[in-house]
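Open your viewer and keep the sequence panel beside it. We will start with the whole chain, then zoom in.

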Amino acid sequence: MEETPLADRNTQVPAPVDKGPWTLVKEALHGTEQDLTRLPLGRAIFLLAVPMVLEMCMESVFAVVDVAFVGRLGAEAVATVGLTESILVLIYAAGMGLSIGATAMVARRIGEKDTERAGRTAVQAIGLGVVISTVLAVAGIVFARPLLAALGGSPWVLEHGVGYTRVMMGGVVSILLLFLINAIFRGAGDAAIAMRVLMLANGLNIVLAPCLIFGWGPFPELGVVGAAWATTLGRSAGVVYQLFRLARANGRLQVRREHLALEPATMLAMLRLSSAGMVQALVSTSSWVVLVRIVSSFGSTALAGYTIAIRITMFALMPAWGLGNAASTLLGQSMGAGDPDRGAKAVWLAGRYNLMVLGAIGVGFFIFAHPLLGAFTTDPAVVDAGATALRIFSLSFLSCAYGMVITSAFNGAGDTRTPTLIDLGCLWVLELPLAWVLSHPVGLGVVGAYWSVPVAFAVMSVLGIVLFRRGRWKTRVV
């Protein structure tokens with residue numbers, strides 16, 4: 001489809017940027033009703049990226065809040081949170097995998113202007129999410145203690161921390177649905193709704209966490225287990241709000257009563273598309289599990305420092321994921337509208353924006369590593385260990401800039417196989433063996449494990465750029 005001339009676009013679609021940048025920011029936060037496939041690319045990326053970046057930051061706030069409060073209970077409590085997060089990678093993998101399929105299919109239908117099929121697709125995605133998360137929740141509750149032991153949990157963790165793990169695993173339905181339904185909103189272009197969902201969930205978590213951990217006011221003092229209850233209750237409230245918004249008769253995507261019937265063919269198509277996405281997410285997130293196992297062999301102090309450093313790092317990468325999600329949505333909708341070249345231009349533009357953002361964050365982390373760690377723990381040894389990890393991780397930010405956007409773009413086009421193979425090669429074939437070799441045979445200790453991260457991400461980004469330029473993703477049918 002030939003791109004509409006700028007004059008025609010401005011006639012058919014309001015141009016809020018002409019009224020000033022603050023007007024555009026307000027529109028992005030409130031939610032735009034404009035056709036994203038017809039707006040100038042810079043404006044479309046901005047309207048999507050602002051709420052998506054904030055959404056990703058809000059998702060990471062869950063982990064940062066938990067560590068901030070739990071850090072005052074000691075290194076063993078922080079280690080409990082870190083080990084449990086390593087177990088939760090299965091849920092995150094399922095959620096991200098289904099999210100990839102849901103975003104790609106919904107975005108394609110919205111680009112085709114087929115809102116009926118978009119609504120039915122959303123229902124199938126939610127149905128799959130409920131089934132998968134229920135199975136994972138039961139398994140996690142039953143096997144919480146053996147899993148913690150297998151990851152190298154200390155006797156304190158196995159005795160006092162297992163309750164935290166069981167509560168978190170019991171709430172995986174809310175974790176997965178929060179991921180999944182927000183992905184549906186993003187695919188439809190309703191990024192502001194997804195942002196508000198996470199603001200609500202995080203607001204409750206921030207209020208409840210200290211109350212339940214330390215027993216403030218009428219609340220019981222639950223210690224580290226209180227952090228799990230606060231997170232689970234906050235996420236559950238977010239899911240309730242998501243369902244409410246899907247049922248409302250406004251927005252780009254509505255789920256009506258007639259959409260509620262399950263469609264095996266659509267569910268199977270989504271499962272096929274999402275299965276590669278699940279493997280992709282599992283490969284990516286499980287690599288952190290193996291890395292945390294290597295780090296845990298150097299003691300609880302190293303593990304606590306790593307846990308805080310990786311939480312800070314993941315929080316910093318949220319803007320990158322937000323820009324990647326914006327590119328993914330625009331690429332999927334552009335392909336649905338018959339204009340993949342416009343989608344490709346959006347990807348490269350988002351990559352340039354990401355390079356500037358992550359470059360600045362990386363410099364700040366390298367310079368202020370110690371003060372950042374000190375905000376989460378008062379243990380000098382943990383601060384030193386975490387600052388070393390944070391500085392090394394920050395060196396990968398520049399290579400991550402284009403790599404993360406391009407990975408999201410492949411997924412938005414429905415090509416989940418290519419980024420899965422890239423992740424498998426760079427993380428499992430390169431990063432993890434390198435981490436073990438540098439930390440043990442070479443004798444660099446825990447620092448050697450950290451250095452494997454920037455090496456792997458640099459190779460990953462180069463491969464992604466080369467393969468995206470080949471353009472085979474343009475032939476994907478969703």
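**The whole protein**

With 478 residues, a compact globule would have a radius of gyration near 23 Å, and the protein agrees, because it has 22 Å. That radius is taken over C-alpha atoms, and the globule rule is 2.2 Å times the number of residues to the power 0.38.

This is a predicted model, where local features need pLDDT of at least 70, side-chain atom pairs count only at pLDDT 80 or more, and totals for chains, interfaces and linings use all residues. Residues are numbered from 1 along each chain as its sequence is written, and side-chain values use heavy atoms, with hydrogens and water left out.

Select the C-alpha atoms. Along the principal axes they fill a box of roughly 65 × 50 × 45 Å. Switch to cartoon view. You have 19 helices and 0 strands to look at; these are DSSP runs (helices H or I, at least four residues; strands E, at least two), numbered from the N terminus.

Now colour by burial. Of the 478 residues, 60% count as buried (under 20% relative accessible area; exposed is over 50%, partly exposed in between; 1.4 Å probe, protein chains only).

**Helix H2**

Select residues 21-30, which form helix H2. Which residues of H2 are buried? Leu24, Glu27 and Ala28 are.

Turn to the face away from the buried side. Trp22 and His30 are exposed there.

Last stop: Gly31. Just after H2, Gly31 takes a positive phi of about 110°.
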